[in-house]
There are 2 protein chains.
Amino acid sequence: MFPKLDPLLHSELRLAVMSLLAGVDEADFTYLKKQTGATSGNLSVQIDKLTAAGYITVEKGFKGKMPRTTCQITPAGQEAFRGYVNALQEYLSSGK
Amino acid sequence: MFPKLDPLLHSELRLAVMSLLAGVDEADFTYLKKQTGATSGNLSVQIDKLTAAGYITVEKGFKGKMPRTTCQITPAGQEAFRGYVNALQEYLSSGK
DNA sequence: AAAATTTGGTTTATAATGTAAACTTGTTTA
DNA sequence: TAAACAAGTTTACATTATAAACCAAATTTT
């Protein structure tokens, strides 16, 4: 009846990050930080977890002389995100 | 942009319980346990938390000679559940 | 009628998680 | 050149979730 929710996505910040990345081609660390309001530390950790899961990829480069971290969602990430959204419907439907 | 998610509801088991209770007048412990597939211990703990938050009420009685714990959602619980569902839309919308 | 099993839970211990604070490395500005 | 800032990372801590162990009463089995 209630499908298991992917614990990697069932996290406020990780879900916000995935939601942002699902809508765009790529986004950098500072953008994600601004949009989510997260602290750098928290964001860094959660990005690592999403990367380890293969849900996003991270590229490190420079913008001028300043370091720049860019994130992109992977096909697996898109798929997982869709699955999570669908699973959640089961939980939410009773309360509409 | 991303509203804060009520941490009391952002929990797989508590959300399932609230979802079940939102749809009915009342439900007892064993029913919730069967529907959610949770262990008794986990369910007991999460029911306590929802009770402490004022989201549900618990009545303890007997069905014949056997103990029976019945749960009901409160108006505050209904409200919180609705709020959570709405907040979640913000997170999910990008991934439709 | 004892003993074993089941029902309906609660308590507690442990493992996993989320988060912020502190730190690092390099850059810009005063 | 010293202070402040940018962009992150690491680490430590506090909170959570979960299962395992436990308990009391009722029921079933022998």
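Hi everyone, let's start with the surface near DNA strand D, whose residues divide into eight nonpolar, eleven polar and four charged. Here Ala, Val, Leu, Ile, Met, Phe, Trp, Tyr, Cys and Pro count as nonpolar, Asp, Glu, Lys and Arg as charged, and the others, Gly among them, as polar. This is a predicted model, where local features need pLDDT of at least 70, side-chain atom pairs count only at pLDDT 80 or more, and totals for chains, interfaces and linings use all residues. Residues are numbered from 1 along each chain as its sequence is written, while chains are lettered from A and ligands numbered from 1 in the order in which they are written.

Chain A gives two or more residues each from α2, α3 and β3, and chain B from α1 and α3 (helices, H or I, of at least four residues and strands, E, of at least two are DSSP runs numbered from the N terminus).

Next, a look inside chain A. Strand β2 runs antiparallel to β3(A), joined by eight bridges (strands pair if DSSP finds at least two bridges between them). In this hairpin, Gly64(A) in the turn has a positive phi of about 70°.

Finally, how do the chains meet? In chain B, 21 residues are in contact with 21 residues of chain A (C-beta atoms, placed from the backbone, within 7 Å). On that side of chain B, α1(B) gives the most, with seven residues.

How values were computed:
Contact = placed C-beta atoms within 7 Å.
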